[in-house]
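Dear colleague,

I am handing over to you the structure we spoke about, and below it you will find my notes on what turned up when I went through it. Please look at it first and then read on.

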Amino acid sequence: MAISGLGSHSISLFFCVILATFLHKGAAQTISAQGQNLVTNNVSVVEGEMAIISCRVKNNDDSVIQLLNPNRQTIYFRDVRPLKDSRFQLVNFSDNELLVSLSNVSLSDEGRYVCQLYTDPPQEAYADITVLVPPGNPILESREEIVSEGNETEITCTAMGSKPASTIKWMKGDQPLQGEATVEELYDRMFTVTSRLRLTVSKEDDGVAVICIIDHPAVKDFQAQKYLEVQYKPEVKIVVEFPEGLTREGENLELTCNAKGKPQPHQINWLRVDDDFPSHAVITGSDLFIENLNKSYNGTYRCVASNLVGEAYDDYILYVYDSRADGAPQKIDHAVIGGVVAVVVFAMLCLLIVLGRYFARHKGTYFTHEAKGADDAADADTAIINAEGGHNNSDDKKEYYI
C-alpha cells in the first residue's frame with residue numbers, strides 16, 4: 001500500500017475514504033485478528049518533557065498501522081505524518097512497530113491515543129497519556145518565630161499548583177509527625193495542598209529542624225525546613241570552688257553559681273534559706289565568698305537565676321566541721337577484715353580437729369572378768385567348769401573403767 005507517489009490532495013482524499021469506511025462499520029473494539037495482536041502502553045510524563053507512544057503488532061500480515069490523537073486525528077499513517085504538529089516525530093517504523101515521540105508535552109496533550117491496525121475486523125488499542133505537573137517550591141510558614149517551652153506552635157506547609165494533588169509529610173529531626181491537610185482544586189485538574197502541624201515544644205527542641213516533605217510522582221526529595229527557636233528558663237548549678245574536701249572551722253568557702261538559659265539569665269541572686277547571710281559574706285556577680293567559717297554559718301545557701309521565661313534555683317547545704325576533723329571519712333579496709341575472719345575460721349577448724357582426735361583416743365572402755373580362768377583350761381569342759389565356778393564367787397567379779 002505505497003502512497004509515496006501521491007500528491008497532498010490525493011493523500012487527503014485517500015484518508016477521507018478510509019475514515020468514512022471505518023466509521024460506516026461503527027466503533028471498533030480491541031479485537032485480535034487471527035494470528036495478530038495489537039499492544040500499546042499507558043504513559044505518564046512530566047509537563048515539558050517527552051512522551052513515547054508505542055504501537056506494536058505480533059505476527060503482522062502487512063496490515064496498515066496508524067496512530068490517532070484523542071480527537072481521532074491521524075498523527076502517523078505508517079511512516080507518514082499528516083498532522084502538522086512537528087512535536088510528533090517518528091522514532092521507529094517497521095511491520096511490527098510504530099514508535100512516535102511527543103516533545104514538550106503540555107496539559108492539552110493529555111488524553112487517550114489510539115493505535116489502529118487495519119485488519120478484518122479492525123483492531124484498536126488505547127494508550128492513555130497522563131501529564132504530571134510538579135508543585136511549586138513549598139512555602140513554609142510559622143505562627144511565631146520564637147516560642148517558649150511548654151507552649152504550642154503551628155507551622156504550615158503549602159504545595160501549590162500540582163497535578164495530581166501532592167501529599168505532605170512532616171519530620172521533626174528523625175521523628176515523623178502527623179499534620180492536618182486541606183486540598184483545594186484549581187483550574188484544569190490542578191491542586192493546591194496545605195498541611196498544618198501543631199506541636200508543643202520543650203527546651204530540647206531548640207535548634208531542631210522541622211521538615212516539610214512533598215511527595216509527588218513528578219518530583220523527588222522536594223522539601224523545606226525550619227529550625228525551631230525555643231526559649232526556656234535557666235538551668236542552675238552551684239559549684240564549690242574552695243575547699244576541695246570538708247569545710248572546717250576557720251577556713252574559707254567559695255561558691256560559683258552557673259546558670260544557663262534562653263535568653264541568658266538577666267539576674268542571679270544569692271540567699272540563705274530561713275536565715276540571714278553572715279555579716280562578712282561577699283557576693284560578686286555569680287560568686288559567693290565566706291571567710292573564717294564557724295558552725296553558726298551552717299544552713300542552706302540558694303542561688304536563684306531568672307530570665308523572661310521564668311526562674312530556677314539550686315541549693316548548697318553548708319556543714320562546718322571541727323578544725324581537727326579528718327579531710328576525708330575513714331575508709332573501711334575490707335582486705336584486713338577478710339584476713340581476720342579467715343584466721344578466726346582457721347583457728348576454729350583446728351580446735352575442732354584437736355578436740356575430735358582427743359575424744360576419739362580417750363573413749364570409755366568396759367572390761368569384765370566373768371570368764372576368768374577359761375583361757376588357762378586344758379579343754380572345753382574344764383573351761384566351762386572354770387567359767388561356771390567363777391560365778392559362784394561373787395567377790396571375784398570386778399569391773400574396771402579406764
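This is a predicted model: local features need pLDDT of at least 70, side-chain atom pairs count only at pLDDT 80 or more; totals for chains, interfaces and linings use all residues.

As for the chain as a whole, it has 3 helices and 27 strands, and of its 402 residues 32% count as buried. Among the contacts with a separation of 6 or more, 63% are made by residues 24 or more positions apart.

The largest nonpolar core has 27 residues, of which Leu67, Ile75, Phe88, Leu98, Tyr113 and Ile129 touch the most other members. At least two residues of this core come from each of the strands β2 (43–46), β3 (51–58), β4 (65–68), β5 (74–77), β7 (97–102), β8 (111–117) and β9 (123–132). If residues up to four places away in sequence are set aside, Tyr113 touches a list of residues that includes Ile53, Leu67, Ile75, Phe88, Leu102, Ala125 and Ile129. There is also a second, separate core of 18 residues, with Ile238, Cys257, Leu293 and Ala305 among them.

Turning to the strands, 4 of them form an open sheet in the order β14-β13-β17-β18, with antiparallel pairing. Its edge strands, β14 (175–177) and β18 (219–227), each pair on one side only, and neighbouring strands of the sheet are turned by 30 degrees against each other on average, direction ignored. Strand β13 (residues 167–172) pairs with β14 in the antiparallel sense over 3 bridges, and Lys172 stands opposite Gln175 in β14.

Some details of the backbone may also be worth a look. The peptide bond from Asp120 to Pro121 is cis, with omega near 0 degrees, and Pro121 is found in the loop between β8 and β9. Another cis peptide bond joins Lys163 and Pro164, with omega about -5 degrees, and Pro164 lies in the loop between β12 (152–162) and β13. Asn104, in the loop between β7 and β8, has a positive phi near 50 degrees although it is a residue other than glycine. Asp274, which is likewise not a glycine, has a positive phi of about 65 degrees; its place is in the loop between β21 (267–272) and β22 (282–284), and with a relative accessible area of 80% Asp274 is exposed.

With best wishes

Methods. Residues are numbered from 1 along each chain as its sequence is written. Side-chain values use heavy atoms; hydrogens and water are left out. A nonpolar core is a set of buried Ala, Val, Leu, Ile, Met, Phe, Trp, Tyr and Cys residues joined through side-chain atoms within 4.5 Å. Buried means under 20% relative accessible area, exposed over 50%, partly exposed in between (1.4 Å probe, protein chains only). Contact means heavy atoms within 4.5 Å. Two strands pair if DSSP finds at least two bridges between them. Axes are lines fitted to C-alpha atoms, for helices over the stretch in contact, and angles run from 0 to 180 degrees between N-to-C directions.
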